[in-house]
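Dear colleague,

I am passing on the structure below, and the notes that follow it set out what was found. Please read them with the model open beside you.

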Amino acid sequence: MADKYVCAIMMLTLAGKDPSEKAVKDLLTAGGVSVDDKEMKFVLTAAEGKSVEELIKEGTGKLEVSGGGGGAAPAAAAAAGGAADAGAAAAPKKEEVEEEEEEEGMDFDLFG
C-alpha cells in the first residue's frame with residue numbers, strides 16, 4: 001500500500017524535515033513498518049515538488065471515487081432481511097450521554 005509512504009512524506013514535511021528516500025525509510029522502519037523500496041521510490045517520484053496541501057487535495061478526490069469502504073454492511077443486511085432492514089440499520093442512532101454526579105460526602109485524599 002502506498003498510503004504509508006504518503007503519510008510518512010506528510011509527517012516529515014509537517015515536521016520541517018526533507019522527505020528524502022532515506023528519511024521516509026528511517027521513519028517507517030523505526031515504527032516497525034516494512035518498506036518496499038520500489039513502491040516507495042514510485043510514491044516519492046509522484047509526490048516530488050508537491051505541497052502537503054496538493055497531496056491532500058489529490059488524495060481526497062481519489063478517496064471520494066473509491067467510496068471510502070463500509071460496503072459490506074448494506075450487503076450483509078440485504079442478505080439477512082431485505083431492504084427494509086437495511087434502511088433501518090442505516091438510520092442515525094442517537095446516543096444518550098450520561099453525566100456523572102459528584103458525591104458530596106466523599107472526601108478523598110490520595111496522599112493522606
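**Largest pocket**

The largest pocket is lined by 17 residues, and those nearest its centre are Asp3, Val6, Leu55, Gly59 and Lys62; a pocket here is, on a 1 Å grid over the protein atoms alone, an open set of points where a 1.4 Å probe fits, with protein on both sides within 12 Å along at least five of seven lines, and lining residues have an atom within 4 Å of a point. Two or more lining residues come from each of helix H1 (3–14), helix H3 (37–47) and helix H4 (52–66), where helices are DSSP runs (H or I, at least four residues) numbered from the N terminus. H4 gives the most to this lining, with 7 residues.

The model is a predicted one, in which local features need pLDDT of at least 70 and side-chain atom pairs count only at pLDDT 80 or more, while totals for chains, interfaces and linings use all residues. Residues are numbered from 1 along each chain as its sequence is written, and side-chain values use heavy atoms, with hydrogens and water left out.

Once its neighbours within four places in sequence are left aside, isoleucine 9 is in contact (heavy atoms within 4.5 Å) with Pro19, Val24, Val43, Leu44, Ala47 and Leu55.

In H2 the buried residues (under 20% relative accessible area, with exposed over 50% and partly exposed in between, for a 1.4 Å probe and protein chains only) are Ala23, Val24 and Leu28. Seen down the axis of H2, these buried residues fall within an arc of 125°, taken from the directions from the helix axis to the C-beta atoms, so they line one face of the helix. They pack against H1 and H3, whereas the face of H2 turned away from its buried side carries the exposed residues Lys22 and Ala30. Just after H2, glycine 32 takes a positive phi of about 80°.

Leucine 14, found in helix H1, counts as exposed because its relative accessibility is 68%. The C-alpha atoms of leucine 14 and valine 52 are separated by 8.0 Å, although these residues are 38 residues apart along the chain.

With best wishes
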